[in-house]
Amino acid sequence: MLADLALYLWIPVSLGLALGLRPSLAATAILLGGHLLLPVDRVIDFSGLPEMDRHRLSMLCAVDFFVLLRPERLRIMGPGAGFLGFAALLLVGAFATGLGNGDVLEYGPAVVPGMSLYDSVSFANVQLLDFVLPALLGFAVFRRPQDLRGYLALLVLAALLYAPLVLLEARLSPQVHRWLYGSHQHEFAQTMRLGGWRPMVLMEHGLALALFLLTAVIAVLGLWRARLKLAGVSLGVPSVVLATVLAVCRSLGSLAYAALLVPLMAFSRPGLPMLAALAMAFTVVAYPALRGFDLFPTWRLVGLAETVNPERSQSVAFRFHNENVLLEKVAERPWLGWGSFGRNRVYDAGSGEDVTATDGFWIIQLGSQGVVGLVGAFGLLLAPLLVATRRLLRPMEPQDAWVVVTTMLICAIQAIDQLPNGFLAPLHVFLAAGLAGAVAQPSGPSASSPPAESLGVRRHSR
């Protein structure tokens, strides 16, 4: 099938990108391309490794080709590398989680197996592919703020190329994945929202597509505020195009973020978007603790959603209810969690039926890997924002400051989206670590960072 062929073909395509582009741009193109172009519901099974979906395959290609072709770029020790301690915490914690979950769980006729030593190693390998390798690669290949310009430019270009497909699906219904790969990537019933179709194109869900387009809107505004052009083209019109395409995705959450953040990016100085990114990071850190101690005002959010849309109010209430049920089970093994095989879920004692739904990445991570796994994962996503803030408090070129602040805001958006949703990808970890790598190096010219013009990103005067 074409879906399987696409996965295998991405290996030589990734090799070509690694050979033809400079390191930070090549790694970005490999991961972003896999994220946007490859099939959602296909995997490659390599013996001894977790199943290779499009995200893991792209990550493994990028790391392997850099080890073979650019080993000098893979130095990970140096200024700013301290946040990588969260990667070690994830690996050790995952292995310990497996060792502590060897018991078999029985719920009426349902039997959930315990984890063996082999399962513990496999569980740690999943963290290696999904978190550790993306973090190491991002920190290694991003050396200067100029490298971040390349990421932002590719993000905007990819969103502009996606735009016609988004508009097509908004008119005809989500069909591109079925036309190309022969299947729908998610329940088709969930694609009707607010009196129209919610596009997905080649992404896991319409919400994941909306998140991607939201980050692209922030990216294009950041490049515009940095007085840059994309391939010689002014970014005013692309900003309007991407904002319009985001609107047709019918995602209230992404539109709410855009309503708050777009004015900050368009009209304020870099300090306000930086503070907004830090505020979102604080929210991500505080939310699990507040929910765990039943201090978060869930009823108020349900009431607020009711004023907007009764259907959304029911959805919000359903999410909070399931979080409450899952948190009760987390309380039994809070530090290392319940491990894999769905052991973190809640089952009916009589029928053995799974009675919970898990939406947010945070509750999935907390249930499966406990507080240790939650701290490790969000530490990799959020600690680079503190590294970038410390750098921004020192003198920096205004153009670089806007690029760094824009990347901070994108990282914060991707992190806070993991509270209601579960679309975290290695690409997100890669960018957060790249932010730390780009701002942690000593200032000054470097031969490893060619000027932005080589990316098709050019300065202009306004």
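Reply: About 720 Å³ of space lies in the second largest pocket. Of its 27 lining residues, Arg 56, Asp 130, Phe 361, Gly 422 and Leu 424 are closest to the centre. This is a predicted model: local features need pLDDT of at least 70, side-chain atom pairs count only at pLDDT 80 or more, and totals for chains, interfaces and linings use all residues. Residues are numbered from 1 along each chain as its sequence is written, and side-chain values use heavy atoms, with hydrogens and water left out.

Me: What makes this space a pocket, and what makes another space a cavity?

Reply: The grid is 1 Å, over the protein atoms alone. A pocket is an open set of points with protein on both sides within 12 Å along at least five of seven lines. In a cavity, a 1.4 Å probe fits but cannot get out. Lining residues have an atom within 4 Å of a point. Points are joined across faces, edges and corners, and a volume is the space filled by probe spheres set on them.

Me: Which elements supply at least two residues each to the lining of the second largest pocket?

Reply: α3 (54-69), α5 (117-141) and α14 do. Helices are DSSP runs of H or I with at least four residues, strands are runs of E with at least two, and both are numbered from the N terminus.

Me: How does the lining of the second largest pocket divide by class?

Reply: There are 11 nonpolar, 11 polar and 5 charged residues. Ala, Val, Leu, Ile, Met, Phe, Trp, Tyr, Cys and Pro count as nonpolar; Asp, Glu, Lys and Arg as charged; the others, Gly among them, as polar.

Me: What gives the most to the lining of the second largest cavity?

Reply: α13 does, with 3 residues. The cavity holds about 50 Å³. Its lining is Arg 319, Asn 322, Glu 323, Ala 357, Asp 359, Gly 360 and Ile 363.

Me: How close is α13 to its expected span?

Reply: α13 (residues 310-330) has 21 residues and reaches 30 Å from first C-alpha to last. The expected span is 1.5 Å times one less than the number of residues. That gives 30 Å, so the helix is close to expectation.
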